[in-house]
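Trainee: Could you walk me through reading a fold, strand by strand and then as a whole?

Mentor: Gladly. Let's open the model and begin with a single pair of residues.

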Amino acid sequence: MESYAHHVLVCTGSYCSPERAGRRLYALLPTLLQREGLLFGPRRVKRGETPCLGVCAGGPIVVVYPEGVWYAGVTPELLERIVVEHLRDGRVVQEAVFHHLPPSPSD
Ligand code: FES
């Protein structure tokens, strides 16, 4: 498998977002990634949807690895910021972060 720089998981479940807004986010994600040149090459972003991330409130929830950054209340506008600022430019959208995994011991 071709390597990638980031992995984005979008919760498309109905507990954190009763209207399942995560589904619309997940459908929007490839368009944003393509626009920013993040579908192929060394900055490639792998994406995936999941029925639950175990949070189940304040969604939609979006998680970005390898940083281990968890975003809550993600709207289409916020997803665009995550793609541009975090995935493209390497700056976490701090005001939308509700959880951040600690760095691994090897970091
Ligand atoms: S349903 Fe989205 S975190 Fe559980």
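Mentor: This model is predicted. Start with Val 10, whose bridge partner in E3 is Val 62.

Trainee: In which sense do E1 and E3 pair, and over how many bridges?

Mentor: Strand E1 covers residues 6-11 and strand E3 covers residues 62-65; they run antiparallel to each other, with four bridges between them.

Trainee: And which strand pairs with E3 over three bridges?

Mentor: That is E4, residues 69-71, again in the antiparallel sense. Here Val 64 stands opposite Val 69 of E4.

Trainee: How many residues lie between E3 and E4 in their hairpin?

Mentor: Three, and the turn includes Gly 68, which has a positive phi of about 70°.

Trainee: Now the whole chain, please. In what order do the elements come?

Mentor: Reading from the N terminus, the order is β-α-β-β-β-α-β. That gives five strands and two helices.

Trainee: What does the radius of gyration tell me about the chain?

Mentor: Compare it with what a compact globule would have: for 107 residues that is near 13 Å, and the chain has 13 Å, so the two agree. Along the principal axes, the C-alpha atoms fill a box of roughly 35 × 35 × 30 Å.

Trainee: What share of the residues counts as buried?

Mentor: Counting a residue as buried when 20 or more other C-beta atoms lie within 10 Å of its own, the share is 29% of the 107 residues.

Trainee: And how far apart in sequence are the residues that contacts join?

Mentor: Take contacts between residues at least 6 apart in sequence: 63% of them join residues at least 24 apart.

Conventions:
Residues numbered from 1 in each chain as written. Predicted model: local features only at pLDDT ≥ 70, side-chain atom pairs only at ≥ 80, totals over all residues. Rg over C-alpha atoms; globule rule 2.2 N^0.38 Å. Buried ≥ 20, exposed ≤ 12 C-beta atoms within 10 Å, placed from the backbone. Contact = placed C-beta atoms within 7 Å. Pairing = 2+ DSSP bridges.
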